[in-house]
Amino acid sequence: MEKSSTMLFLLNLCIISGIVVIRRCNATTYFVGDSSGWDISSDLESWTSGKRFSSGDVLMFQYSSTHSVYEVDKNNYQNCNSTDAIRTFTNGNTTVSLSKPGDRFFVCGNRLHCFSGMRLRVNVEGNAPSQSPVGSPQASAAGILQPSSKQNNPATGVASSATRFNGSGSSGSSMGIFVYLMVLAFPFIWSYCD
């Protein structure tokens, strides 16, 4: 009895791990402002139109030393106020994970830049996985990252098959081997999705 409950636990652990990997692989990385980046010349208001942001997606802000990224609340966003920022970034290459549903607000720390359009409101949708391909954008020859989009990208799936394990005899040892291989492969699968 104890052996089958252990096997059931390990099978559930593998299933949960697989779901976590699949959700992580389905996340989309958005380059804010596309090729213009986080800059005063970018039309950030129209950049968000047509995009669906989901929990797990990532925003990449690429900007020069004359700019910064401040995550603020709605009131500070409307007033271009960065004094009570939730988070502040100044490194020129900022990654922000959209970890939960709701509105997120970003402004440039230079108030004049913010009033000129360097502010971004992102509505993060619930827990439904993104409909985007697996993988990450590639760098161009000049080293500038290319923008990504969820539009017109076919979803990529991986076919799999599973052996039925009943917890007795050689199937039990097969399950142990399967779990061992999953534990070994998990870090590699996880890093593949980055």
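## Salt bridges

Glu 125 is partly exposed, at 29% relative accessibility (buried means under 20% relative accessible area, exposed over 50%, partly exposed in between, with a 1.4 Å probe and protein chains only). Its side chain meets that of Arg 52 in a salt bridge, 2.8 Å from N to O (a side-chain nitrogen of Lys or Arg within 4 Å of a carboxyl oxygen of Asp or Glu). Arg 52 sits in the loop between H2 and E2, Glu 125 in strand E8 (residues 119-125), and the two are 73 residues apart. Helices (H or I, at least four residues) and strands (E, at least two) are DSSP runs, numbered from the N terminus. Arg 52 itself is exposed, with a relative accessible area of 53%.

The model is predicted: local features need pLDDT of at least 70, side-chain atom pairs count only at pLDDT 80 or more, and totals for chains, interfaces and linings use all residues. Residues are numbered from 1 along each chain as its sequence is written, and side-chain values use heavy atoms, with hydrogens and water left out.

The whole structure holds four salt bridges. One of them pairs Arg 104 with Glu 71, the closest N and O atoms being 2.5 Å apart. Arg 104 belongs to strand E7 (residues 102-107) and Glu 71 to strand E4 (residues 69-72), so this bridge ties together parts 33 residues apart in sequence. Arg 104 is buried at 11% relative accessibility, and Glu 71 is buried at 6%.

Another salt bridge joins Asp 103 and Arg 121, with the closest N and O atoms 2.8 Å apart. Asp 103 is in strand E7 and Arg 121 in strand E8, so parts 18 residues apart in sequence are tied together. Asp 103 is partly exposed at 41%, as is Arg 121 at 38%. Through shared partners, salt bridges also join Glu 71, Arg 87 and Arg 104 into one network.

## A buried lysine without a salt bridge

Lys 51 lies in the loop between helix H2 (44-47) and strand E2 (53-54). Lys 51 is buried but has no salt bridge, and the nearest side chain of opposite charge, Asp 34, is 4.3 Å away. For charge, Lys and Arg count as positive and Asp and Glu as negative; His and the chain ends are not counted. Apart from neighbours within four places in sequence, Lys 51 is in contact with Tyr 30 and Asp 34 (heavy atoms within 4.5 Å).

## Cysteines

A search of the whole structure finds one disulfide (a pair of cysteine sulfur atoms within 2.5 Å). Cys 80 and Cys 114 form this link, with an S to S distance of 2.1 Å. The angle about the S-S bond is -75°, a left-handed link. Cys 80 is in the loop between helix H3 (74-78) and strand E5 (87-89), while Cys 114 is in helix H4 (residues 111-115), 34 residues apart.

Cys 80 is buried at 2% relative accessibility, and Cys 114 is buried at 0%.

## The three-stranded sheet

Three strands form an open sheet in the order E1-E3-E6, with mixed pairing (two strands pair if DSSP finds at least two bridges between them). Strands E1 (29-31) and E6 (93-97) are at the edges with a single partner strand each, so one side of each has no neighbour in the sheet.

Strand E3 (residues 58-62) runs antiparallel to E6 and is joined to it by five bridges. Phe 61 stands opposite Thr 94 in E6. The covered face of E6 has Thr 94 and Val 96, and the uncovered face has Asn 93, Thr 95 and Ser 97.
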